[in-house]
Amino acid sequence: MGKLFVVGIGPGGLEHMTIKALDTIKESDIIVGYTKYLEFLQPLIKDKETVSTGMMGEEERCRKALELAKDKVVAVISTGDAGIYGMAGLILELREDEEVEIIPGVTASSSAGSVLGAPLMHDNCNISLSDLMTPYEDIKKRVRLAAEGDFIISLYNPKSKKRITYLREAIGTIKEFRPASTPVAVVKNALREGQSINIYTIENFDDSEVDMFSIVIVGNSKSFMKDGFFITPRGYKIDK
Ligand code: SAH
């Protein structure tokens, strides 16, 4: 009997993977994932069979993994958390009678949050600005309602070569509901090689550093910067 694990490997380096994710990869017969992620994991994979899916569409990749899992132990890897804009959902939608287990990982907002300080200390949400599978009208509505609800907002897939205006529009919408001094952070390659951080206020936000390896975190109306740390207060009454 085979089994399919859908494994979130965290932001990149092995030290940010959970022990369960690490053990699952070690114990799997076949590892399925993008070439780039397989390279990250090379020390664990060694001479295991791998299916590199650079040229495959997502559905094809999931079907292939499910087929292999009929009689082998297979790990499909996603960066961050496999259940957050990862492969877990599609695998479960396509699954027939294969055994499937989802192994969580550290998602990009947590990774980026940790290098910024404590921006996600209060109610927060993730919004992906990718319109590949979500109509832009829905994205705009979610941005507006999250802004109105004063959520701290982590924007995944903020900008691509073809899609350059959505981020500016989203920030413009959120700005209507936040003080001009609200911190906005751009973290590129959080907790992996090439990490960079840029901090702005919502008033002077500049999207020139943003690409698909970046996440943008917009504070709520109470977020502030202190000694370089991005903090959203939890609400403790403290003597300053
Ligand atoms: N499953 C992943 C998200 C995949 S969607 C997770 O849970 O993190 C891809 C988007 O995630 C990227 O466009 C970027 O916005 C964000 N992302 C993933 N890893 C990142 C990292 N290390 N640093 C900054 N952003 C990252």
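The shell around the ligand draws on both parts of the chain, with at least three residues coming from each of domain 1 (3–106) and domain 2 (109–231); these bounds come from an automatic or database domain assignment. The model is predicted, so that local features need pLDDT of at least 70 and side-chain atom pairs count only at pLDDT 80 or more, whereas totals for chains, interfaces and linings use all residues. Residues are numbered from 1 along each chain as its sequence is written, and side-chain values use heavy atoms, with hydrogens and water left out.

The centres of domain 1 and domain 2, taken over C-alpha atoms, are 28 Å apart. Across the boundary, ten residues of domain 1 are in contact (heavy atoms within 4.5 Å) with eleven residues of domain 2.

The ligand is surrounded by 19 residues (a heavy atom within 4 Å of the ligand). Asp-81, Ile-84, Thr-107, Met-212 and Ser-214 are the closest. By class, the shell comprises eleven nonpolar, six polar and two charged residues; Ala, Val, Leu, Ile, Met, Phe, Trp, Tyr, Cys and Pro count as nonpolar, Asp, Glu, Lys and Arg as charged, and the others, Gly among them, as polar.

A polar backbone atom of Ser-214 lies 2.7 Å from an oxygen atom of the ligand, and one of Asn-157 lies 3.0 Å from a ligand oxygen atom. A nitrogen atom of the ligand is 2.8 Å from a polar backbone atom of Ala-190. Taken alone, the ligand exposes 540 Å², of which the protein buries 91% (Shrake-Rupley method, 1.4 Å probe).

Conventions
A polar contact is a pair of N or O atoms within 3.5 Å; within protein, one must be able to donate a hydrogen and the other to accept it, and residues adjacent in sequence count only if both atoms are side-chain atoms.
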